[in-house]
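This report describes a predicted model. It turns to charged pairs, then to helices and the surface.

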Amino acid sequence: MIEPVDVCAVLKELCDTGEFSLSELLSVCKAGLEWVRSRLKEEVSEENPLVLTTAAAMARFFLFIKMLSQPDDFGSLKVGDMTIKRDFQKEFEIEKELKNQAIVDAAEILKDGGFCFCVN
């Protein structure tokens with residue numbers, strides 16, 4: 001059975017988690033794992049590798065959302081006379097695309113969420 005600590009190990013490989021405590025990481029990993037479990041098809045074993053990778057991708061997205069709630073800590077970095085500012089809108093779009101791709105990749109193990117019609 002996959003545990004949040006297993007998801008956390010994969011999450012640490014996917015992104016930099018240095019600014020977050022272990023309890024914060026385990027919290028988002030648990031949320032990611034529960035997200036996948038709640039949508040898992042009945043005939044799919046939880047031991048399927050896609051469960052772990054999808055849970056880690058969801059945890060990464062949840063971690064990013066958590067980071068956005070603390071913009072003072074992550075908004076800019078000053079090095080000498082130079083200040084580097086982050087573009088949260090671009091970063092959000094990237095994180096959202098990564099999350100969406102992980103869901104698409106896991107379509108074979110997840111329940112169909114319904115119908116969506118999109119026009120680009």
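## Salt bridges around Arg37

Arg37 and Glu34 form a salt bridge in which the closest N and O atoms are 3.0 Å apart. Both residues belong to helix α2 (residues 22–39), where a spacing of three residues separates them by about one helical turn. An α-helix has 3.6 residues a turn, so residues three or four places apart point the same way. Arg37 is partly exposed, with a relative accessible area of 24%, and Glu34 is likewise partly exposed, at 39%.

Arg37 also meets the side chain of Glu46 in a salt bridge, with an N to O distance of 2.9 Å. Glu46 counts as buried because its relative accessible area of 18% is under the 20% cut-off.

## A link between α3 and α5

A search of the whole structure returns four salt bridges. One of them joins Glu95 to Arg60, and the closest N and O atoms of this pair are 2.9 Å apart. The pair links distant parts of the chain, since Glu95 lies in helix α5 (residues 88–105) and Arg60 in helix α3 (residues 49–68), 35 residues apart. Glu95 is buried, with a relative accessible area of 10%.

## Helix α3

Which residue places a side-chain oxygen at the start of α3? Asn48 does: its side-chain oxygen reaches to within 2.9 Å of the backbone nitrogen of Leu50.

The buried residues of α3 include the alanines Ala55, Ala56, Ala57 and Ala59. Also buried in α3 are Val51, Thr54, Met58, Phe61, Leu63, Phe64 and Met67.

## Helix α5

The 18 residues of α5 should span 26 Å at 1.5 Å a residue, and the end C-alpha atoms of α5 lie 25 Å apart, in agreement. Where do the buried residues of α5 sit around the axis? The buried residues in question are Glu91, Glu95, Lys99 and Ala102. They cover an arc of only 70° around the axis, and therefore lie on the same side of α5.

The face of α5 turned away from this buried side carries the exposed residues Gln89, Lys90, Ile94 and Val104. Glu95, which forms the salt bridge with Arg60, is one of the buried residues of α5.

## Nonpolar surface patch

Val79, Met82 and Ile84 form a nonpolar patch on the surface, and together they have about 280 Å² of accessible area. Val79 lies in strand β1 (residues 76–79). The relative accessible area of Val79 is 45%, which makes Val79 partly exposed.

## Overall architecture

The protein chain contains five helices and two strands. Along the sequence, these elements follow the pattern α-α-α-α-β-β-α. Of the 120 residues in the protein chain, 32% are buried.

Notes
Residues numbered from 1 in each chain as written. Predicted model: local features only at pLDDT ≥ 70, side-chain atom pairs only at ≥ 80, totals over all residues. Heavy atoms only, no water. Helix = DSSP H or I, 4+ residues; strand = E, 2+ residues; numbered from the N terminus. Buried < 20%, exposed > 50% of the residue type's maximum accessible area, 1.4 Å probe, protein only. Patch = residues over 30% accessible without salt bridge, like charges linked within 9 Å, V, L, I, M, F, W, Y side chains within 5 Å. Areas by Shrake-Rupley, 256 points an atom, 1.4 Å probe, with all protein chains shown as cover. Polar contact = N/O pair within 3.5 Å; in protein donor to acceptor, adjacent residues only side chain to side chain. Expected span 1.5 Å × (residues − 1). Arc of directions from axis to C-beta.
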